[in-house]
Amino acid sequence: MIETKEIKIDGVLHSAQKQSIDKSAPTFVSITERIEGLDPIDFFQTGKSVGEDRVFWQSADQKTTFVGVGEALLFHDQDVSYQELKDNWKQVLQNSWIVNPFDQYKTGPIVFGGFPFDTDEKAEELWKSFNGSQFRVPTFLLTIDNEQSFLTTTAYVEQGSNVDQLAAELITRKNQLLYATKPTFQENDIVLKHEVDPVHWKKLVKQATTTIDSKNVDKIVLARELQIEFGDSCDIGQVVDRLRKTQENSFIFVWEKESVCFIGATPERLVKVDQQQLFSTCLAGTAPRGKTKDEDNQLGQQLLHDQKNRNEHKIVVDMIKDAVCSFAKYVEIPDQPILYPLKNLQHLFTPVKAELDQGYTLLDVVEKLHPTPALCGFPREGSLDFIRKFEQLERGWYGAPIGWFDQYFDGEFAVAIRSALVSGDKASLFAGCGVVQDSDPDIEYQETNIKFTPMLQALGG
């Protein structure tokens with residue numbers, strides 16, 4: 001048996017319906033149960049077999065994993081209002097029936113989703129399923145937190161709902177997910193790779209350095225696209241499994257909509273809030289890993305003392321420091337960066353800790369911080385204006401905030417880099433780099449090639 005203690009779903013739904021009648025409004029219902037250990041990849045794969053959109057999130061320290069299946073609630077805002085999202089979630093919670101004896105863990109109703117990089121960009125063919133901001137509460141959410149496993153079931157109950165039928169449907173679908181035969185992987189076979197106009201991109205890097213020389217802009221972040229095709233439809237579960245095994249110190253995410261998956265393994269936290277404690281990350285400056293320990297140490301020391309990378313990193317630190325100080329107190333930021341090692345890359349890293357002022361939430365911080373100089377440039381308006389005018393890539397959710405928050409607005413957002421958009425037998429991979437005054441187009445091009453590597457390997461390349 002999977003479940004160790006069963007909560008009667010039909011009884012909870014009947015109670016919620018009575019509340020719905022009393023308040024003349026639908027009741028948002030969330031029920032959390034403790035379950036025995038369940039493999040998150042198996043749960044993720046089974047979610048696809050029952051025909052539901054999925055979400056996946058694993059924290060960089062690997063202590064927390066979420067797998068969501070289905071869509072009990074969707075917030076979709078083409079105009080992207082952080083305040084409206086916050087208000088809508090509060091309104092949902094005002095008429096809710098939440099059964100969660102385990103709220104000391106990251107359980108209960110949790111909202112997952114993301115924002116676009118640029119709210120002024122119109123979603124075209126590539127990102128048409130991801131227009132605007134989209135956040136969902138999954139119908140079924142597997143939470144693995146500090147080696148404890150839980151399942152949260154979420155639904156809406158209205159005055160005229162057939163509660164017994166709804167309960168029976170939820171129980172049937174839940175059992176399909178919990179007791180399914182162990183799913184298998186399909187091998188992903190890349191048959192074609194195509195770089196989107198690398199010659200033009202290098203010219204754009206040169207154009208950016210000229211702009212930096214002549215205008216009041218210090219840094220412009222430029223991104224490019226690598227297109228690949230598979231011999232058959234890509235098995236996302238296999239990709240997630242590979243990322244979990246190879247990309248330590250990275251946030252692993254999947255957000256699926258209409259069978260299109262945005263997936264990545266990003267090292268960059270934007271912000272985490274836990275009981276008003278704020279944690280952010282300054283991550284800018286990149287070097288490859290060495291093939292030997294000595295070579296690795298040498299490359300790391302070169303990165304720590306490279307003036308171009310240190311200047312790029314300082315721009316990010318200064319901006320995030322100014323932003324955090326505007327809505328938090330007791331701000332702690334080390335004077336010098338350290339190395340942040342990944343499998344294929346290493347970065348300059350400076351952690352940020354603070355206490356969030358009362359009245360502010362995680363979403364307020366996300367709105368203030370995005371886009372950081374690490375993904376846009378500095379100053380923000382000048383660099384963003386250059387990107388809008390000259391970058392050919394449709395960024396969509398690439399480089400944007402993606403993450404989750406709970407009923408208390410505790411949660412975490414990462415910056416969606418080292419990522420790919422996968423649809424059937426095709427995928428687009430994204431990578432970028434910070435262009436400053438003395439940037440060399442060939443060196444920046446090689447840096448983006450290195451940044452493609454984690455996703456390319458996970459996809460089967």
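Trainee: What share of the contacts in the protein with a separation of 6 or more comes from residues 24 or more positions apart?

Mentor: The share is 78%, where contact means heavy atoms within 4.5 Å. This is a predicted model, in which local features need pLDDT of at least 70 and side-chain atom pairs count only at pLDDT 80 or more, while totals for chains, interfaces and linings use all residues. Residues are numbered from 1 along each chain as its sequence is written, and side-chain values use heavy atoms, with hydrogens and water left out.

Trainee: How do you know that the radius of gyration agrees with a compact globule?

Mentor: The radius is taken over C-alpha atoms, and the globule rule is 2.2 Å times the number of residues to the power 0.38. For 461 residues the rule gives a value near 23 Å; the protein has 22 Å, so the two agree. The C-alpha atoms fill a box of roughly 70 × 50 × 40 Å along the principal axes.

Trainee: Why is Q62 called partly exposed?

Mentor: Buried means under 20% relative accessible area and exposed over 50%, with partly exposed in between (1.4 Å probe, protein chains only). Q62 has 41% relative accessibility, so it counts as partly exposed. Its phi is positive, about 65 degrees, although Q62 is not a glycine. Q62 sits in the loop between β2 (54-58) and β3 (64-69); helices (H or I, at least four residues) and strands (E, at least two) are DSSP runs, numbered from the N terminus.

Trainee: What makes N249 partly exposed?

Mentor: The relative accessible area of N249 is 32%, and therefore N249 is partly exposed. N249 also has a positive phi, near 65 degrees, without being a glycine, and lies in the loop between α6 (236-246) and β12 (251-257).

Trainee: Which residues touch the most other members of the largest nonpolar core?

Mentor: They are W89 and F405, in a core of 88 residues. Helix α8 (residues 307-325) supplies the largest share of this core, six residues. Such a core is a set of buried Ala, Val, Leu, Ile, Met, Phe, Trp, Tyr and Cys residues joined through side-chain atoms within 4.5 Å. Leaving out residues up to four places away in sequence, F405 touches residues including L85, W89, I110 and F413.
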